[in-house]
Structures are given as structure tokens and as C-alpha cells.
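Please keep the sequence and the view side by side while going through the points.

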Amino acid sequence: MTSETAAGHGRVGPKKPVTGRRAVASSQHRIVTDTMLDTLRAGGNAVDAAIAGNLVQAVVQQDMTNHTGTVTALVYDAASGDVVELNSMGTIVPGLAPFTPIPMGKGLYAAAPGMPRAVAPGFMPGMKALYERFATLPWARLCESAVHWAEEGHVVTSFEHLVMAQTVDFFLYTESGRRHFTPNGHLPQVGDRWASPELAETMRNLAQDGPDYFLTGKWAQDFVARGNELGWQVTLENLTAIPPRWSSGHRWNHKGSTVVQQSPPERQGIYCQIVLGILDELDITSVGHWSDSAEALYYLAHALRRATIETGILNDPDIFGDTAGPLTSPDLIKGFAGILRNAKARVDLTEHVKLTRGVPAMAASGASKQPAGSCELTVVDERGNWVQMMNTLQSGGIPGEVVGGVPMVGSHASNSLAAPIEGWVVGGGRMRSILSNTMVLRDGKPWISLGSPGNVHCTVPQVLSNILDFGMAPYDADDAPRCLPYEDNHTISVESRVAAQVPAGLAKLGVLTNPLPAYDYHMGTYQMAWRDDDGSLSTCTGPRREGVAAGL
């Protein structure tokens, strides 16, 4: 371990915040956090550290990310005093339809059920855009940790093995996927040192040739060749046809703070503004917190459902009309709150729930089937530069294939109002998703930033409300129980640490409680940094997953 102070030892479970530092970093892996801090020690800024962290994260957390998926970021540049947003999601390129490969051979005759589709990668274009705009250290220096850990291998943890076992299936439909993930017929086991000579060679070439190695260089050429072999007519030009997009982010005000999040077609900013706006109209703090109050949980889950429905209509405003303003209209949000206030049952429906649904007690575990997630990282340097960034395996590359040691997932985008990711084959617009990068500004400067892997669409507003409405400390805001949106069959799925009176109180309202594990890792775990009253920095990572927060 190289960091001077750290919270957590890369284990699932309770952790403590790191306080009073001059620079901080938080991620879901000790190697990633240490890499970011080592980059800062070497004179790099927060963006240098974030790039180095992303590159090594895709080496040591291939259960969650890879070098062909998506990256998004919010960057506060202390010199200019501006926050900028980067969106480098994988893209559906005009004239190149998404493609589902059907591997044949070794006794396999069809693609995996639900196999994603091949699209142009977004990870390395995003790295290049960040590097050219903000970085200060040589590119090769930022690749050193990725090269080292690909060569030496990292030790597989129990959590990593768990997630791989749940998500690796469609890689087993391809020869390259089986060779990469099950070289001896089995996944890397807990305690194994998992190295990849092929990935190490790719990382060495990346260090030497720069990010263009993945865009126009040898790796890109091999990627195109493999796509063509499978019948996908991708070209080198397709890989750079839609460059990353910079903007100032979606900004909205709440309780004296300015919240900055990903802008449309990303849903998170609009989603959070709707949810917190509804809760504010309902005066949620007077009702109580949803961990103790059935009425508060009822309102929260309904607000999450309403935001999910409404933001399904968001799409790229460069291609479609801009719906952000109408969706966040104060009158519309006030109307949503009024509907919820008046829609509650006025009689006790407990007997109805018992007769038609079952006993309203939290007895059995209703484990979440939500997505496993991605990787979020937070880094702040001593100059005041601040990065909140996400990288994920989703929405890039050829699903199930491994090229140069780089596994690829492709995109689950569909053309549906209800889909978490929606994409359009023609028009050139960016795909819509819902990503968690969030900064809260006070007096124009970051006060706190946060983001998470996992079920971010509904967990970010809960953590934000805990901090901005209920005044919780950041770690406590992450630790508090979380729920999923209200379901059409009048069920609320919630972590089973809510107070005993909550299920009974919901039953009176005609609602069945579906208990999730007390700490459900599908519900995310936050990477956060914040500035204390004395000007020093603090950071934390949450209890639901592995993670390390540390500082200089």
C-alpha cells in the first residue's frame, strides 16, 4: 500500500471517511485508488490521476469495466473556475447498424440469449479528449500502472469472483472469451493472481503510441478485422465518426446549492430534479425519513417511478426536441406532488394486502435483479481541480469478443421508452442512458461530488436528498437504506433495514414490501469527496461493495 491514509481494505462492509486531507481519491479498488494518489505525488493533476485510474481499473476490474465501454465525467478546472461535462458513450454510427454476432463452432450454434449488439467504443476517445484538454504528465506515465498490473496480475477477490460468475456467461459463447476468462476451463478463483500477457502487450503499445492505438492503430485495425470476420462491416473511420461531447452539464438549484449532472440525452440530472422537486413539494422532512416512515417511503418510491416514466421521453436534443425544460417545470412537478398527496388510500388496506398478496412482513430476501454496475471514481488535487468520473463495460465493442486481451460487452440499447439505454440507428444522436456523475456547488465551487456503480438511476436522488434535505453526513447518506421505484403491482422493494413499523404502515396504504438484502450491492456504493468548513478535503466509499478512499 502506498497511500498515506486510507479507509477500507478492499472489503465489502462498513468503512470510515478519510478527513482533513490536501488531496483525496476514492474508487472501488485499492490498486485504482493508489494509482491515482501516486499520480498526484508525481506532480500530476486530478485529470492525470483520473486517466491513470481509469486505465488500470479496466485491467483489474473486468467484472465491471473494460477499455472499450463508456466514460463520462464532470471536471472542475480550478484555473478557470468552470465545471465541464464529458460524454463519451459508445455510439451507433450513421450508416453502420448495430450488429449481433452469432458465434459458430465448438458445438455452439447460436448467440447467447439477450446478446448485446456491437457499436463503436467510447472509452479511449474519452481518454484522449480528457488528456488533450487537461492533462499535464506524459501519456506513457499515465499507462504505467495498467501495464504493471496486466503483467503481474492482481489477486482475485471474493466479490470480483461473485460478479464475474453472474455476468460472464455470454463471453463463453466465443473462443476468445473462453480463452480470456476461463483459460483452464474455470474462472479465476478467489486468491488467484490473474495476469494477462496479451492485455499487457496491448497496454505497452498503448503507452508507446498513445490513445490513437485504439482509434487508428494496430488494436483498432484488429478490432475492425474481427468485426468484418463476423459480418459487421465496421471501418476505421467509424471509430472516430462521432467524437466525445463537451458541455457545461445540466444545472439546477436546490436548497441554496447548484447541482451539476450529466445533460440530455443522459437522464440523471432531469431525473434527480424531478424527484427532489416532488419531495420538496411534499415537505418530505416533515413527514420523516423513509427508513422510519411508511408515508415517506411511499412518496419516495412513487416519485422515483414518476421520474422513471417521464424521463423515458428524453433523447439527444441535437436530434430531437429539447424536453428538459418542460419536464422540470415547477408547475408540472407541483402537479405530480399533488397527485401523490391525493392518491393515498384513506382507509386501512392491510386486510386487502393479506388476502390478495400475503403477510406484509419483511421475512424473506427478495434479492435485487438490477444491473451489477460499472466503476465510479473521485479525485481532488491540492490545486483544487476536481474530477467525478464513470467508466463502464457497457455500450462499446463487439459483445463476447476479446481483442488484444480487451474483453468487450457491446450495447444493450434498444428503441423503447422504458429501456435504461435507448439508441437510434439513424440520425447520429448519442444513446440515452442514466449515469451518476454529480457535483454540488456552493458559491460557484464544488462542495461535494458523488457517483456510484450499480443502480444509479434511483439511488443518486436518494443520496442527494439525504444530504441536501435531511442534512446527513456524506457517509451516512450513502449507508442509509435505499429502495427501488414503486412497481405497477403496488410493491416497493427496499433494503431490509427499515424500521419495523414501515412494512405495516405500507400495508395500510395497500402496498406490499419486498425485502432486499440489508446491504444490496446492486444498489450502488458511492465514491464521494467534499470540502469541510476549514477548507480541507474528506472522502469516503460506501459499505455495499469493495472500495478504498484515501488521501494525501
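1. Two strands are said to pair if DSSP finds at least two bridges between them, and the strands themselves (E, at least two residues), like helices (H or I, at least four residues), are DSSP runs numbered from the N terminus. This is a predicted model, in which local features need pLDDT of at least 70 and side-chain atom pairs count only at pLDDT 80 or more, while totals for chains, interfaces and linings use all residues. Residues are numbered from 1 along each chain as its sequence is written, and side-chain values use heavy atoms, with hydrogens and water left out.

2. On confidence, pLDDT being the predictor's confidence in each residue on a scale from 0 to 100, the chain has a mean of 92, with 93% of its residues at 70 or more. Residues 1–5 fall below 50, although this stretch has 19 contacts in the model beyond near neighbours in sequence, a contact meaning heavy atoms within 4.5 Å. Where pLDDT is low, the predicted coordinates should not be read in detail.

3. Strand β10 (residues 257–261) has four of its five residues buried, that is, under 20% relative accessible area, with exposed meaning over 50% and partly exposed in between (1.4 Å probe, protein chains only). Strand β9 (residues 250–254) runs antiparallel to β10 and pairs with it over five bridges, and Arg251 has Val260 of β10 as its bridge partner. Two residues lie between these strands in the hairpin, where Lys255 takes a positive phi near 50 degrees. β10 is also joined by four bridges to strand β15 (residues 438–442), again in the antiparallel sense, and here Val259 stands opposite Val440.

4. How many of the six residues of strand β11 (residues 375–380) are buried? Six of the six are, and both faces are covered, with Cys375, Leu377 and Val379 on one side and Glu376, Thr378 and Val380 on the other. In a regular strand the side chains alternate between the two faces of the sheet.

5. Strand β3 (residues 24–27) pairs with β11 in the antiparallel sense over three bridges, Ala25 having Val379 as its bridge partner. The hairpin of β11 and β12 has five residues between the strands, and in it Gly384 takes a positive phi near 100 degrees.

6. The second largest pocket has a volume of about 300 Å³, and of its 14 lining residues the closest to its centre are Arg442, Trp447, Arg531, Asp532 and Asp533. β16 (445–451) and β19 (527–531) each supply at least two lining residues, and β16 gives the most, with three. A pocket here is an open set of points on a 1 Å grid over the protein atoms alone, where a 1.4 Å probe fits, with protein on both sides within 12 Å along at least five of seven lines, and lining residues have an atom within 4 Å of a point.

7. Asp532, one of the residues closest to the centre of that pocket, is found in the loop between β19 and β20 (537–541). Is Asp532 buried or partly exposed? Asp532 counts as partly exposed because its relative accessibility is 24%. Leaving aside neighbours within four places in sequence, Asp532 is in contact with Gly20, Leu537 and Ser538.

Technical notes:
Grid points are joined across faces, edges and corners, and a volume is the space filled by probe spheres set on the points.
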